[in-house]
Amino acid sequence: MTSEIHVDPSGGVLTITMARPDKKNALTNEMYGALADTIEQAEQDRSIRVLLLQGDGDIFTAGNDVGEFAAMAAGKGPSERHVHRFLRALANSTVPVVAAVNGKAVGVGTTMLLHCDHVLLAQDAQLTTPFVNLALVPEAASTYLLPLRIGHVRAYEMFALGEPLDAQTAVAWGIANKVCANEQLRAEARRMAERLAAKPAGSLSAMKKLMRDAEKLVSQMNSESARFEERLASAEAREALSAFAEKRKPDFTKVALH
Ligand code: COA
């Protein structure tokens with residue numbers, strides 16, 4: 001297990017903390033691997049009744065490590081991309097997943113919430129999906145789940161503009177359950193996880209399977225991932241990723257369309 005994913009089992013609740021605070025919990029391939037292993041193992045381990053996801057420090061996660069995107073765009077990515085295994089594990093998970101989100105949840109930080117069963121947001125939470133700003137496409141079956149959840153025009157706006165959504169609006173739109181005071185977030189999330197852990201696990205698991213079409217989700221993820229790879233190799237993505245590295249605004253008007 002990487003030291004940047006902390007796993008703490010207690011009272012049937014497995015707390016998973018994304019812990020790379022100096023890089024705003026940006027997720028590396030190794031971290032995705034650890035997350036995937038954890039969720040896959042939890043599916044087999046009857047002592048784990050609930051998963052609780054949270055971020056260390058002042059943010060949930062800044063999303064995928066942008067440096068790793070740049071390496072992939074340059075053809076220097078890892079031979080196995082664990083993000084796919086992580087997303088498949090989330091899509092197929094029948095264990096209840098609670099998320100406690102403080103600060104920013106960027107990219108996959110927001111799209112993973114669409115796979116969680118109970119989402120608590122701190123007052124300072126901000127959900128952002130800047131895939132298009134990076135000249136990429138959204139992932140985690142969010143191109144299917146987000147419009148389904150909040151309607152096409154809101155989802156399109158979130159994806160196309162990549163502007164942050166505040167906590168109250170996210171609850172009003174049905175992306176999250178509740179907004180909590182920042183200092184109450186972890187305690188409230190723990191309480192909810194314990195309530196779910198006390199329910200009949202077999203019943204919750206059967207209910208979740210009925211509520212989610214895991215096959216459809218994985219098939220959407222596969223389509224997104226094919227487009228994602230194409231986009232990553234595009235001139236637009238090269239411009240976006242160089243701009244991030246150089247801490248400047250990208251200029252897409254200079255780049256050809258494809
Ligand atoms: N990948 C790699 N490194 C990241 C990162 C990411 N997704 N997000 C933040 N970091 C790094 C920064 O490069 C910086 O590193 P440095 O200290 O070595 O320069 C450090 O984390 C702190 O980030 P900083 O930008 O100074 O913090 P902030 O509080 O001002 O802003 C964010 C936080 C999340 C708003 C901002 O970092 C950001 O926009 N990150 C990119 C998010 C993104 O586009 N993710 C991909 C989604 S598809």
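Modeller: Happy to! Let's start with Lys23, whose side chain has an N or O atom 2.5 Å from an oxygen atom of the ligand; a polar contact here is a pair of N or O atoms within 3.5 Å. The model is a predicted one, where local features need pLDDT of at least 70 and side-chain atom pairs count only at pLDDT 80 or more, while totals for chains, interfaces and linings use all residues. Residues are numbered from 1 along each chain as its sequence is written, and side-chain values use heavy atoms, leaving out hydrogens and water.

The backbone takes part too: an N or O atom of Ala62 lies 2.9 Å from a nitrogen atom of the ligand, and for Asn64 a backbone N or O atom is 3.0 Å from a ligand nitrogen. On its own the ligand has 860 Å² of accessible area (Shrake-Rupley method, 1.4 Å probe), and the protein covers 64% of that.

Stepping back, 17 residues surround the ligand, each with a heavy atom within 4 Å of it. Among the closest are Asp65 and Val66. By class, this shell holds 9 nonpolar, 2 polar and 6 charged residues, with Asp, Glu, Lys and Arg counted as charged, Ala, Val, Leu, Ile, Met, Phe, Trp, Tyr, Cys and Pro as nonpolar, and the others, Gly among them, as polar.

Definitions and conventions. A polar contact is a pair of N or O atoms within 3.5 Å; within protein, one must be able to donate a hydrogen and the other to accept it, and residues adjacent in sequence count only if both atoms are side-chain atoms.
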